[in-house]
Every structure is written in C-alpha cells, then in structure tokens.
Amino acid sequence: MKTAVIYWSGTGNTESMAKAVAEGAGAECFAVSEFSGNVEDYDAIALGCPAMGAEELEEGEFEPFFAELEVNLSGKNVALFGSYGWGDGEWMREWEKRVTDAGAKLANESVIANDSPDEDAVTACNGLGKIVATL
C-alpha cells in the first residue's frame, strides 16, 4: 500500500498534523509546494489544509493543487485533516463533499483541530494514518 500525505501549512499547525498522519501511515509527507509526484501512483492520499478566510481552502497554492487533483480522485481512498481558528468546520464539510463528488472514498472521519493541535488531535491524526495504511 503506497500512501502520500500532502499538506499546506501557514503557521505549522497543519504541518504537525501531517507529520502525525504520515507517522501513523508509514508514508511519505510532502508540503504541497514540494510534491512533484503523480497521485495516480498512490493507493491512498491524505490531504491537509487549514481553513482560511471565510472557511475556505488556502487559495494561493493548495486550492489550485486540489482543483487539478480533484479530477483524478475517482476510486481513490482519501483522508482529510486540517486546523482552523474560527467557524464550525464548514470548510471541511465542503471539502469532504468535493472529494466524494469526485468519486473518491473518504478513508475515515476527517480530523480537525482548533488552532494548534493538542495531544488528542495528534493522536487522532496518527490513528487516521494507521487507518489509511490498511486500506
């Protein structure tokens, strides 16, 4: 099972979540700006992005990356995670819908953390990685 963990992080919160997911999955971890692979080469993908603005994906790097990736998600196992500082997680619900509308299967319940991920959030990310690795 080959898994990639791909994330965007502005403050380091989502990056620390990505590292916990990758550790749990025994997977490679890439900042979105560093990922040069082909998602079709992976059995599962874990994606991380914080809520930005009015609960949206980061628009400069991550949204364009995801929009391009979205058309290749059909049949893939996908896990989502990210941090937020306000709102109620609407960005994650909308992101989950985009993933399933693209024909992908959500690997498990997404993990979100308010601001800096606490020990429970890091543990949940690690567990998410373990689930992704077994799909």
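Let's start with what covers the buried residues of helix H3. The cover includes strand E3 (44–48), helix H2 (62–70), strand E4 (77–84), strand E5 (105–106) and strand E6 (111–114). Keep in mind that this is a predicted model.

Now the helix itself. H3 has twelve residues, 90–101. At 1.5 Å a residue, they should span 16 Å. The end C-alpha atoms are 16 Å apart, so expectation and model agree.

Which residues of H3 are buried? They are Trp 91, Met 92, Trp 95 and Val 99. Looking down the helix axis, these buried residues fall within an arc of 95 degrees, so they line one face of H3. Turn to the face pointing away from that buried side. There you find the exposed residues Lys 97 and Asp 101. After H3 comes Gly 103, with a positive phi, near 95 degrees.

Next, the core. In soluble globular proteins, nonpolar side chains tend to be buried together. Here, the largest nonpolar core has 26 residues. Those with the most contacts inside it are Ile 6, Leu 47, Phe 62, Phe 66 and Trp 95. Strand E1 (3–7), E3, H2, E4 and H3 each give two or more residues to this core. Apart from it lies another core, of 21 residues, including Val 21, Ala 22, Ala 25 and Ala 27.

Last, back to Trp 95. What does it touch, leaving aside neighbours within four places in sequence? Trp 95 is in contact with Leu 47, Gly 48, Cys 49, Leu 57, Phe 62, Phe 66, Leu 80 and Phe 81.

How values were computed. Residues numbered from 1 in each chain as written. Predicted model: local features only at pLDDT ≥ 70, side-chain atom pairs only at ≥ 80, totals over all residues. Heavy atoms only, no water. Helix = DSSP H or I, 4+ residues; strand = E, 2+ residues; numbered from the N terminus. Expected span 1.5 Å × (residues − 1). Buried < 20%, exposed > 50% of the residue type's maximum accessible area, 1.4 Å probe, protein only. Arc of directions from axis to C-beta. Contact = heavy atoms within 4.5 Å. Core = buried A, V, L, I, M, F, W, Y, C linked by side-chain atoms within 4.5 Å.
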